[in-house]
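Thanks for coming. I have a few local features to go through, one stop at a time, and I will keep it short.

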Amino acid sequence: MSDRYEDRLAELGLQLPDVAAPLAAYAPAVTTGNHVYTAGQLPLVSGSLPQTGVVSDSGAEGTVDPQRAAELAERCALNALAAVKSQIGELERIRRIVKVTGFVASAPDFFAQPAVVDGASQLLGRVFGDVGVHARSAVGVSVLPLNSPVEVELIVEFG
């Protein structure tokens, strides 16, 4: 496995997308000191959500299966990394993924938010190894922007 983070992404069959355009009056990421804070990133692909709805185990119409939601959380993390790169120039400057916050649009009887946000956490682990070990919050909410099933934000230390 490569030592370069973007090479590791490529080995996983992934590449960083363009930074998603903000949906309102905010920046995709900001830098203060040696930290980058990303805005909440949706699982946008070419500007669109591949799936919408709340996450549920029920299989009901209009819901998103938890495994699919975890895949979408991975996409959120990829979008967040693109926002980080836009601030620091190269992913190689990342010294630590400090914190991941994941929001899961949840049906009232869905309680497995941590398993969904694992999609983001596992990607960060595969790409960054020990540097990707982070603190995390996985929060269930009733609705997210654009009816997205998930949203992820990162705090990253760089040097």
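Let me start with N147, which sits in the loop between β6 and β7. Bear in mind throughout that this is a predicted model. N147 is not a glycine, yet its phi is positive, about 65°.

E151 is buried and has no salt bridge. Where is the nearest side chain of opposite charge? That is K99, 14 Å away. What does E151 touch, then, if we leave out residues up to four places away in sequence? The list is G40, Q41, L42, C76, T101, G102, F103, L144 and P145.

Now to helix α3, residues 113–128. The helix has 16 residues and reaches 23 Å from its first C-alpha to its last, close to the 22 Å expected at 1.5 Å a residue. There is a bend of about 35° in α3, and G119 is where it falls. G119 is also one of the buried residues of α3. Others among them are V116, V117, A120, L123, L124, V127 and F128. As a reminder, an α-helix has 3.6 residues a turn, so residues three or four places apart point the same way. Which elements cover the buried residues of α3? They include α1 (5–11), β3 (54–55), α2 (66–88), β5 (94–105), β6 and β7. After α3 comes G129, with a positive phi near 60°.

F128 brings me to the last stop, the core. The largest nonpolar core has 37 residues, and F128 is listed with I94, V150 and L154 as having the most contacts inside it. At least two residues of this core come from each of α1, α2, β5, α3 and β7. The element that gives the most is α2, with eleven residues. As for F128, beyond residues up to four places away in sequence, this side of the list reads Y5, R8, L81, I94 and I97 for its contacts.

That is what I have; questions are welcome.

Key. Residues numbered from 1 in each chain as written. Predicted model: local features only at pLDDT ≥ 70, side-chain atom pairs only at ≥ 80, totals over all residues. Heavy atoms only, no water. Buried < 20%, exposed > 50% of the residue type's maximum accessible area, 1.4 Å probe, protein only. Lys, Arg positive; Asp, Glu negative; His and termini not counted. Salt bridge = Lys/Arg side-chain N within 4 Å of Asp/Glu carboxyl O. Contact = heavy atoms within 4.5 Å. Helix = DSSP H or I, 4+ residues; strand = E, 2+ residues; numbered from the N terminus. Expected span 1.5 Å × (residues − 1). Bend = angle between axes of the 7 residues up to and from the residue. Core = buried A, V, L, I, M, F, W, Y, C linked by side-chain atoms within 4.5 Å.
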